[in-house]
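Have the model open while you read.

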Amino acid sequence: MKEENLLPVYIRSFGAWIPERRVTNEELSRTVDTSDEWIRSHTGIGARHLAEDSQATSDLAVGAARSAVERAGMDMQDIDCIVVATATPDYVGFPATACVVQQALGLKKIPAFDVTAGCTGFIYALEIAMAFMKDSHMKNILVIGAEKLSSIVNWDDRDTAVLFGDGAGCAVISSEASSFQLEDRSSRKFTRPGIIDSVLYTDGTGYDSLTVPAGGSRNPIRGGMVKKEDVSLHMDGRRVYNFAVKAVSDIIKELAERNELSYDDIDWIVPHQANSRIIQAAAKRLKIPLDKFFMNIEDLANTSAASIPIALSEMQGKNLLRPGDVVLTVGFGAGLTYGGNLFTW
Ligand code: ACO
C-alpha cells in the first residue's frame, strides 16, 4: 500500500465504557467449580466486569459513544451514522440495538443498524462503515462494539462462565484527515492517519461450534419451561482454540504481505482478547515479539465484539498510540468469522 492510495477515512478517537462491578476469579470460584489458578493458567484472565441487571447492551454502547465523541472534541450532532457490532442485542431480532442507541444519543434522521459477526463484529463494522463513508456524503460515523455477555452465560457451566465479561468500545471514523507532525519519525511509511486495508472471512463449517441454541427462528421459544442452558452460550472450546490460532496468524500474515509491510513496520497488533494463550501461540508461530501485541484480558476477560475497541481506547488513553503508528487489529469468533483491519494513527 502506497501513501497515495491511503483511503480518505481515518479513526479520529476511541472511547470505552466498562461496568464498575469487577468480579475476580476468586469471587467467581465461590459459586462456580473452578479456581484462580485454572483460569489464569488456561486463559490469562484474572477478573471480569459485569453490568447490572438493569443495564442492557445499548446502555454500555451509549457510554462508549459519549466517551469517544468527547475525546474527539466533537458535538454528538456531527454524527452521520451509527453501526453497532454485537452478539448480545437488547432485543432478539428487532429493533436493532443501534436504534436504541440513536434514540438515547438524541440523533435524528441518520442510519443506525447492527452488525452480527460474533467477536469479529467490530472488524466487520469498521470495514462496512468505511465503505459507506467512501460512497456517501457522510463525514463522521460511530462504530461501536458492545456486549452484555453476562446475559447469555450459563453461570453453572464452568466451561464458559469464567471466560466472558461485559463492556463497550467505540471508534469515531471521519473523512478528510489532515497530515500529522511526524516529529523525528521520517522513516514512517505513511504521513497521515487513515484506514489502509481490511480482510474479512468466514468459515461456516464451524457455525455450530459457538451457539446459543434457542430463542432464534430455528428453535423458537413458544411457551412452556425455558431451560437456562438452551438460551445460554455453548462452545466447543478446543475447536475454537485451534481455529483461532491459525486465523490470527493467517490474518496478520495476509495483511502484512499484501500491504508490503514487514512485521517491524507494524507498531501494534491489537488482537481480540479471548485467551492470552491464543495470542502467545500466534506470536510464536509468526516469530513476532509478544510485546507488539496489546493485551488487557487480565482485567476484562473476553468482551467479544467490544474487546478490540476497548483495547484501542485504553491505548489511546495511555498515549501508547503515536502519530504515524501502523496498527493491525485481528479478530475471530462465532461463525466462525475472522478478519483484521490495518490503519495508521
Ligand atoms: N475450571 C476448572 N477446570 C475446568 C474449567 C474451569 N473453568 N473449565 C474446564 N475445566 C476442566 C475440564 O473439565 C477438563 O477437565 P478433564 O481433563 O478432567 O476433562 C480440563 O479442565 C481441560 O479442559 P479443556 O477444555 O481441554 O481445556 P483447554 O486447555 O482447552 O482450555 C478453553 C479451555 C480456555 C475454553 C480453551 O479451549 C479456549 O480458550 N478456547 C478458545 C475459546 C475462545 O477463544 N472463545 C472465544 C472465541 S469467540 C468469542 O469470543 C465469543
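1. Buried here is under 20% relative accessible area, with exposed over 50% and partly exposed in between (1.4 Å probe, protein chains only). The strand spans residues 326–333, and eight of its eight residues are buried. Strands (E, at least two residues) and helices (H or I, at least four) are DSSP runs, numbered from the N terminus.

2. A word on the basis: this is a predicted model, where local features need pLDDT of at least 70, side-chain atom pairs count only at pLDDT 80 or more, and totals for chains, interfaces and linings use all residues. Residues are numbered from 1 along each chain as its sequence is written, and side-chain values use heavy atoms, leaving out hydrogens and water.

3. Now the neighbours of β12. Strand β11 (residues 268–271) pairs with β12 in the parallel sense over four bridges; pairing takes at least two DSSP bridges between two strands. Val 270 has Thr 329 of β12 as its bridge partner.

4. Strand β13 (residues 337–344) runs antiparallel to β12, joined by eight bridges. Gly 333 is bridged to Thr 337 in β13. Three residues lie between the strands of this hairpin, and Gly 335 takes a positive phi near 145° there.

5. Last, have a look at Asn 275, in the loop between β11 and α8 (276–286). Asn 275 is buried, at a relative accessible area of 10%. Its side chain reaches the backbone oxygen of His 42 at 3.0 Å.

Conventions: Polar contact = N/O pair within 3.5 Å; in protein donor to acceptor, adjacent residues only side chain to side chain.
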